[in-house]
Every structure is written in C-alpha cells, then in structure tokens.
Amino acid sequence: MRTSTRLAALALLVALVAVFAFIATRPPGVPSPTTGPTSSPAVSPTSAASPSAVADACARDNLETMTAGKLTIGTDNPAFPPYFLPRAGGNTEPWDPAQGDPTTGEGFESAVAYAIADELGFAKEDVTWVVVPFLNAFQPGEKDFDFDINQVTFTEERTAGADLSDGYYFGNQAVVVRADGPFASAKTITELKAAKLGAQVGTTSLATIEEVIQPTQEASVYQSNDDAIEALGNEQIQGIVVDLPTAFFIVNVQTSGNAIVGQIGPDAGADPEHFSVVLEKDSPLTDCVNQAIAALADAGTLEALAEQWLPDKDVPELQP
Amino acid sequence: MRGSRRRSIAIAAVSSVAFLAAIGFAIVNAPGWPRVRDSFFNLEVFAESWPVMLRSFGVNVQLFLIAEVLILGWALVIAVLRSTPGPVFFPIRVLAMVYVDVFRALPGILVIFILGFGVPALRLPGVPRDPFFWAVVALVLLYSAYVSEVYRAGIESVHPSQTAAARSLGLGQLQALRYVVLPQAVRRVIPPLLNDFIGLQKDTVLVSFLGTVDLFNRAQIRQSATFNYTPYLVAALIFLVLTIPLARLTDWLVARDARQRAVTGGVR
Amino acid sequence: MSAGGEALRIEGLHKSFGALEVLRGIDLTVAAHEVVCLIGSSGSGKSTLLRCINLLEPIDAGRVVVEGEDITAPGVEVDRIRRKIGIVFQAFNLFPHMSVLGNVTLAPRKVLKRSRAEAEDEADALLARFGLADKRHEYPDRLSGGQQQRVAIIRALAMRPSVLLLDEVTSALDPELVAEVLDVVRELAAGGMTMLIATHEMGFARDIAHRVGFLDAGRILEQGPPSEILSAPKEPRTRQFLQRIIQAGRL
C-alpha cells in the first residue's frame with residue numbers, strides 16, 4: 001500500500017476507535033425515561049399507613065391492570081403439566097394441543113393463578129391468558145401481562161429487570177437420567193460429577209449444574225427443555241436438571257425409560273428455591289399480588305393445591 | 001504535485017473524523033441512548049464476558065477448520081462427478097445435480113436438527129451421537145453443495161483449448177482435469193471460495209442448537225445471567241475480528257498470485 | 001507397424017457440424033518422413049481435418065489409419081493413439097500455471113511414466129537443440145509468442161510422436177517472430193519427421209513440403225509437389241486462391 005493510502009487508513013482507524021471509546025465511556029447525560037407507562041405512586045396522598053387505606057388500594061376497582069376490570073396473565077406455550085392440564089375435548093387456541101390449557105383452571109399453576117385472581121377480586125371470566133416465552137417474562141422492559149406464572153425460580157438477578165413476588169411454591173431441582181444408564185443408581189452429587197449433563201439456557205437448573213454439581217464435562221445448554229429431553233433419549237447427554245414437578249412429568253408422562261435419580265436440596269448444598277410470579281418492574285400490582293399470595297398461604301390453599309396437583313412421591317435428596 | 005496529494009489526504013482525514021464525530025455526537029444525544037448504551041455497550045459486562053466467550057469460541061474454530069477441509073475435498077468430488085462426460089456417467093451426473101439442488105434448498109437449522117437429534121434417535125449401532133460430529137456432517141453436506149458449484153464455474157472458465165492440448169498429449173480425462181484444468185480453475189475461484197468460507201464460519205453457531213456451548217450459546221448464557229445484551233456485541237466483534245483480516249489476506253494472496261502468473265492464450 | 005512406409009492414411013473422411021458439412025470426403029496419404037502442407041482459405045476445413053486425425057473431433061464417415069492401425073474403429077483407446085500423433089495449435093495452448101520445463105515434462109512423466117530426472121533430461125536436450133535452454137524455468141506469460149510456439153512444438157516432440165500435425169502455427173505470431181518458428185519446423189523436416197502442416201506461409205511450403213494439398217470447400221481439390229501446385233495449378237479455384245495470396249503479398 002502506498003504511504004498516502006496507509007496514512008489515510010490509519011487516520012480512519014484512529015477516528016473509529018476514538019468514537020467507540022467515547023461512546024462506551026460517556027455516562028448517561030440525559031436522564032433515562034422511566035420504563036413502562038407512567039405509574040402513579042403506589043401510595044396515594046390519603047393512604048399513609050392506615051390498614052384500611054392499604055387494603056383499598058388492592059380493591060379490584062383500584063387495581064391498575066392493563067385492561068380495566070380484566071386480569072391478563074402470561075405463561076409460555078406449550079404449557080406443560082402438571083402445572084397446566086389439557087382441556088377435555090381439545091385445548092383452546094393458541095395452546096399446544098399436546099400439552100396443557102391454562103384456561104381450564106386445572107394443573108398447579110393454572111389453579112394458583114385463578115386463586116390469586118380470585119383474591120384480587122377477579123372472577124374466572126375476567127381472566128385472559130397471553131403467551132409469554134419463559135425468558136421474556138423477566139427481561140427488562142415493558143410487559144404485556146399483569147402477571148406471569150411459569151415456574152420462574154426467584155433469583156436476585158432476575159429482580160433487576162422485573163418484580164418477582166413472594167413464593168407460591170417451594171421446591172428443589174431434580175436430576176433425571178436414563179433408567180438403564182450408568183447413573184441410574186447414583187446417590188451423591190460426587191457420583192454425578194462424571195456425567196454429561198444438560199439444561200435449558202437461562203434457567204436456575206443450569207446454574208445448579210454449574211454451581212452445585214460442578215461436573216467435569218461442560219454441560220450442554222439447550223434452547224428448550226424438550227431439546228434437552230430429546231438429547232437424553234438419544235444418550236447424547238446422561239442427565240438433565242429440571243425442577244422436581246417437571247421431572248415427575250418427564251419421567252411419568254412425557255417420556256419412558258427415564259428416572260429421577262434424586263433432588264438437589266440443602267443436603268447437597270443447594271440454596272432453597274421458590275417459584276415467584278413475575279410482574280413488570282415497579283408494577284403497582286406487586287404489593288397486592290404479594291398480599292394475595294400471603295392470604296392463600298395462610299389459608300392453606302397453596303399447600304392444598306400443591307397436594308392436589310403435584311405428585312407427592314418421596315424423592316431422596318442427593319447427598320454431597 | 002506532492003503537496004497537492006498531501007493536502008487531499010489531510011482534507012480526507014479531517015472530513016472523515018468530523019463526519020464520524022458528528023455521527024457519534026448525534027447518537028450519544030439521542031433519546032433512549034443511555035439505555036441502549038447500557039444494554040449493548042456496557043464495559044463492565046464486556047470485561048467479564050469476553051474471556052469465557054473467547055474460550056467457547058474455540059468450539060466454533062475447531063468446527064470450521066475441520067469442516068472447511070472436508071468441504072473443499074467433498075465439493076471437488078461432486079464438481080468432478082458432475083462434469084464427467086460420457087453417457088455411461090449420466091446417472092452419476094444426475095445424482096450430483098440432485099445433491100446440489102437439495103442441499104442448497106434446505107435451511108441449515110433444519111438439516112442440523114434432523115441429523116443432530118433425528119439420526120441419533122434411530123439408535124443404529126455404530127452410528128455416532130456426538131453433536132459436534134453431526135454438526136460437522138451437516139455443515140459439510142450443506143456447504144459442499146455451494147462450493148461444488150463454485151468449482152464447476154471455475155472448471156468451466158478454463159478454456160476448452162487447455163483440455164484439448166492436454167488430451168492431445170495423451171493425458172486421460174482425469175489426468176487432464178487434475179494437472180491442467182483444476183490448478184487453473186481453483187486459482188480463479190478463490191474469492192468466491194472465501195465467501196463461502198466466511199459463511200461457514202458464521203454457520204458454525206448452528207451447533208449451539210444441539211446443546212454444545214459455543215460462542216452463541218455462551219453469549220445467550222451470559223445474556224440471561226446479566227440481563228444485558230453486551231455479550232451479543234462481544235460475539236459480533238469476535239466474528240468481525242476473525243473474518244475481516246481473512247478477507248484482506250485473501251485479497252493479497254490473489255493479487256500476488258495474479259502478478260506471478262498471468263493467464264495466456266487459449267483462443268481456439 | 002508401418003504398412004509400406006505409410007505414416008498416415010485418410011480415406012473418405014466426412015465431418016459435419018450440425019447441418020454444416022465441413023469435410024466432404026477427404027482422401028490423403030502421408031508417407032513416413034514425408035512433409036505434406038495443406039493450404040486453403042479459412043473455413044475450408046484445415047483445422048477440422050487435423051482435429052479429426054487426432055480424434056479431438058469425432059468423424060461422421062470414413063477412416064483414419066495411423067501406421068497401419070485404424071484409429072477410427074470402435075473400441076480404440078483414444079489416449080494411446082494420441083501419444084503417436086503430436087499436434088501444435090495456432091494459439092500455442094501452453095499451460096500457464098507451469099514453467100516451460102513443467103509444460104514439456106508433464107505428459108512424458110504422467111503418460112509415458114518416465115521418471116522426473118529422465119523427463120527433464122530429455123526436455124533439456126530438446127530445449128537446448130532449439131535455443132530455449134535458458135528459458136526452462138520461465139512461465140509462458142514471460143515468453144514471446146515465437147518462444148511460446150517453439151515450446152509448444154517441443155512439448156509435442158517430447159512424446160516422440162510418429163506424426164506431427166501443425167495447425168497454422170505461425171498465424172498468430174507477429175511477422176518478426178514467424179521465422180524462428182519456421183526454422184524449428186525446417187529442422188524437424190530435415191531430421192525426417194513425418195508432418196502434416198496446415199499453413200498460410202506459401203514460401204515456407206514451397207521450401208519444405210514434399211507435397212502440397214489445396215483444401216477447398218471440404219475437399220482436397222488438387223495435390224502434388226509444391227512446384228506444381230504453387231506455380232502451375234491445374235484447377236481454376238486453386239489459381240484464384242493463389243492469386244489472392246500473391247496480391248496480399250504473401251507469396
């Protein structure tokens with residue numbers, strides 16, 4: 001290259017680098033606009049600390065839902081049992097006909113959702129369901145649901161982008177393996193370290209593999225649990241980690257030849273996990289939803305629903 | 001004379017810098033910019049993501065190095081089969097043509113799902129299940145279809161008088177192809193071959209759908225851990241840093257080769 | 001193998017390209033060590049005839065016999081025949097990606113299975129004989145047209161053919177380069193090489209040819225010694241043709 005061209009190219013390169021550095025290091029000069037619709041303060045001038053005023057804030061007509069008088073709930077499609085059961089005679093659109101239909105009210109999360117709706121004062125007919133891909137629910141940004149219920153495990157990081165409610169289900173991750181495979185009789189985390197494990201991307205299941213099990217081979221990461229299950233069936237991986245109710249569904253209903261080898265609880269050093277309902281960040285509904293969940297817990301409803309819809313077979317805890 | 005050239009360069013440099021600065025200023029002051037900046041250009045996330053992402057990129061690199069070698073070979077076989085004259089070879093020519101048509105038509109992700117999940121599901125004895133293996137197979141099948149057409153174009157661009165001269169000396173059809181036509185053909189199609197090679201490098205991310213943690217999968221994992229899109233930018237940068245120098249290197253190689261041997265004759 | 005000293009015999013050769021019949025019954029014999037020149041206007045079929053002899057073009061009717069062997073019979077191994085017949089083209093057709101040495105030694109090594117050393121020794125001898133020894137490592141694009149054509153001839157000679165076909169080998173050359181190529185051909189003729197030469201160079205034809213054939217509209221209209229054909233042709237069309245050549249200053 002001639003000197004003149006080389007100089008020009010160099011100047012251009014320097015300019016590009018300077019611009020990038022400039023862009024990357026400038027602190028936000030313009031105040032960031034608030035995310036979502038301008039929300040009125042959760043505490044109205046008259047509410048202060050009086051209990052009756054707080055309760056009124058959660059009265060149905062005061063709730064700032066997306067559509068007045070209606071409650072919009074989100075979950076992913078397909079909606080898997082035992083969290084959502086199929087409708088006799090065929091699922092309503094758009095719910096995958098092979099799995100569950102949230103509008104039935106049957107299935108653990110469907111039942112819990114309608115129970116929360118009822119606490120908030122919404123009748124069954126006032127509830128609409130929308131499809132929300134799992135990962136989208138708690139990404140930062142505007143939401144098109146009032147709350148989302150989808151086996152979302154509470155993590156501190158996820159609260160950065162959304163509001164997560166108090167827990168409505170407390171449970172552990174579990175490991176599913178081939179019933180005729182080399183890990184079918186594993187009793188400890190140490191034994192599982194040698195396994196090739198897999199999980200869905202972005203889940204606490206994956207985090208459990210990396211932080212609690214710490215296998216010697218890198219885990220496989222799939223776009224969906226279905227792909228992971230496929231790989232397990234093909235013996236491309238030797239175990240998948242999913243929450244316990246999902247593990248039951250996989251082993252008893254969805255596939256054959258698999259078995260739950262154990263659940264990963266405090267014995268193995270795992271932190272206790274719970275499912276939360278997801279709301280938009282700083283949503284005005286969060287407090288009220290938490291109150292509803294508290295009421296359901298106190299009344300024993302959550303426990304009853306878990307007993308009704310989730311298998312209660314004892315699954316041993318994996319030892320370290 | 002030299003003064004005026006220096007002045008032109010100076011003007012070009014100043015105007016480029018001014019232009020870029022203007023764009024930069026406009027971007028930085030646009031509404032919503034701070035959120036974009038935090039989401040995509042977050043230095044902290046960049047710093048903690050790029051080492052682990054570069055490591056995962058090793059999977060992509062292995063994949064395209066292995067696949068590229070196999071593609072260059074397999075595509076040549078197909079191109080030669082397709083060009084072999086004579087009525088007895090008709091079924092082979094047709095098969096080669098069908099192969100090219102089929103694999104140019106199919107989307108890569110479809111092929112990789114069929115091969116990466118579907119074939120292992122058959123549980124045939126002796127058939128590998130490793131996702132990396134099937135990713136290589138899928139990429140080779142797909143890209144050989146394109147590359148064989150590039151080879152064919154190269155072969156057809158070599159004047160028939162070259163083949164005539166070679167055959168007149170007593171060289172067989174395959175010998176003429178191997179010693180006379182192909183060396184000339186391949187040199188001519190290096191730019192389009194590079195094009196396909198770059199495409200291949202990008203398509204190695206298909207392996208992520210089979211569970212293997214490559215650059216793309218790692219970017220997703222990082223993104224969902226941080227709720228930040230900067231890891232995707234890191235991935236983009238890694239691809240740029242890989243392909244752009246490769247393109248310039250190839251340009252240089254082709255130019256040097258052209259200087260060394262200009263093509264002669266071949267009118268009749 | 002030669003039957004009565006015949007290197008090449010063509011009988012009743014017909015060749016058409018689609019509807020156009022280019023060769024309409026060619027009969028020609030070339031004895032061993034004989035030099036036969038073919039003259040005729042463009043389109044008369046000279047090139048086609050040569051390409052048919054060397055089986056680059058399939059013929060429609062007739063036969064070609066080389067050293068007693070019918071090479072147009074079905075089932076003949078084309079590659080083997082082509083070793084016996086050398087051809088040099090108007091456009092040289094050297095392999096641009098190989099050096100001069102590479103060009104000359106390719107066929108001897110790959111077809112005759114000579115070792116590299118053997119092939120290179122022979123090539124060097126030929127190159128030296130024709131004054132191109134210092135060009136052995138050059139690539140074709142660095143040679144003049146005359147040098148390239150000489151290399152093309154040497155390349156054909158390296159296969160030790162029984163018959164050499166030369167297709168207008170000087171027509172693409174600048175006038176000042178023609179002489180060096182003709183000198184090579186002259187030397188080959190003096191050495192007894194059997195050659196069939198298509199050419200426009202009448203003076204050259206008169207010098208080296210034992211016989212000259214005038215090809216007109218796909219037939220050999222007349223043939224005979226150069227003194228006869230070039231100075232006192234019998235056929236009016238031959239006379240016409242030569243008239244034009246003389247007017248063009250090429251005789």
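Which residues touch the most other members of the largest nonpolar core?

## Basis of the report

The structure is a predicted model, in which local features need pLDDT of at least 70 and side-chain atom pairs count only at pLDDT 80 or more, while totals for chains, interfaces and linings use all residues. Residues are numbered from 1 along each chain as its sequence is written, and chains are lettered from A and ligands numbered from 1 in the order in which they are written.

## Nonpolar cores

Ala135(B), Ala138(B) and Leu196(C) touch the most other members of the largest nonpolar core, which holds 132 residues. Helix α6 of chain B (residues 131-157) gives the most to this core, namely 15 residues. Apart from this core lies another of 83 residues, including Trp95(A), Ala113(A), Tyr222(A) and Val242(A). A nonpolar core is here a set of buried Ala, Val, Leu, Ile, Met, Phe, Trp, Tyr and Cys residues joined through C-beta atoms within 7 Å. A residue is buried if 20 or more other C-beta atoms lie within 10 Å of its own, exposed if 12 or fewer, and partly exposed in between, with C-beta atoms placed from the backbone. Helices (H or I, at least four residues) and strands (E, at least two) are DSSP runs numbered from the N terminus.

With neighbours within four places in sequence left aside, Ala138(B) is in contact with Gly108(B), Val111(B), Ile112(B), Leu115(B), Gly116(B) and Leu206(B). Contact requires that the C-beta atoms of two residues, placed from the backbone, lie within 7 Å.

## Chain B

Chain B has 11 helices and 0 strands. Of its 268 residues, 36% count as buried. The radius of gyration of chain B is 24 Å, whereas a compact globule of 268 residues would have one near 18 Å; the value is taken over C-alpha atoms, and the globule rule is 2.2 Å times the number of residues to the power 0.38. The C-alpha trace of chain B spans about 75 × 70 × 25 Å along its principal axes.

## Chain A and its sheet

Chain A contains 10 helices and 10 strands, and 42% of its 320 residues count as buried. Five of the strands form an open sheet with mixed pairing, in the order β2-β1-β3-β10-β4 (chain A). Two strands pair if DSSP finds at least two bridges between them. The edge strands, each pairing on one side only, are β2 (127-131) and β4 (162-171) of chain A.

Strand β1 (residues 71-75) of chain A runs parallel to β2(A) and is joined to it by 5 bridges. Thr72(A) has Thr128(A) in β2(A) as its bridge partner. Helix α3 (residues 108-120) of chain A packs on the sheet, touching β1, β2, β3 (147-153) and β4 of chain A, and its direction makes about 160° with that of β1(A). Axes are lines fitted to C-alpha atoms, for helices over the stretch in contact, and angles run from 0 to 180 degrees between N-to-C directions.

## Contacts between chains

Chain A has 37 residues in contact with 33 residues of chain B. On the side of chain A that touches chain B, α1(A) provides the largest share, 11 residues. By class, this side has 20 nonpolar, 11 polar and 6 charged residues. Ala, Val, Leu, Ile, Met, Phe, Trp, Tyr, Cys and Pro count as nonpolar, Asp, Glu, Lys and Arg as charged, and the others, Gly among them, as polar.

Between chains C and B, 23 residues of chain C are in contact with 23 residues of chain B. Helices α2 (78-84) and α3 (100-110) of chain C each supply at least two residues of the side of chain C that touches chain B.
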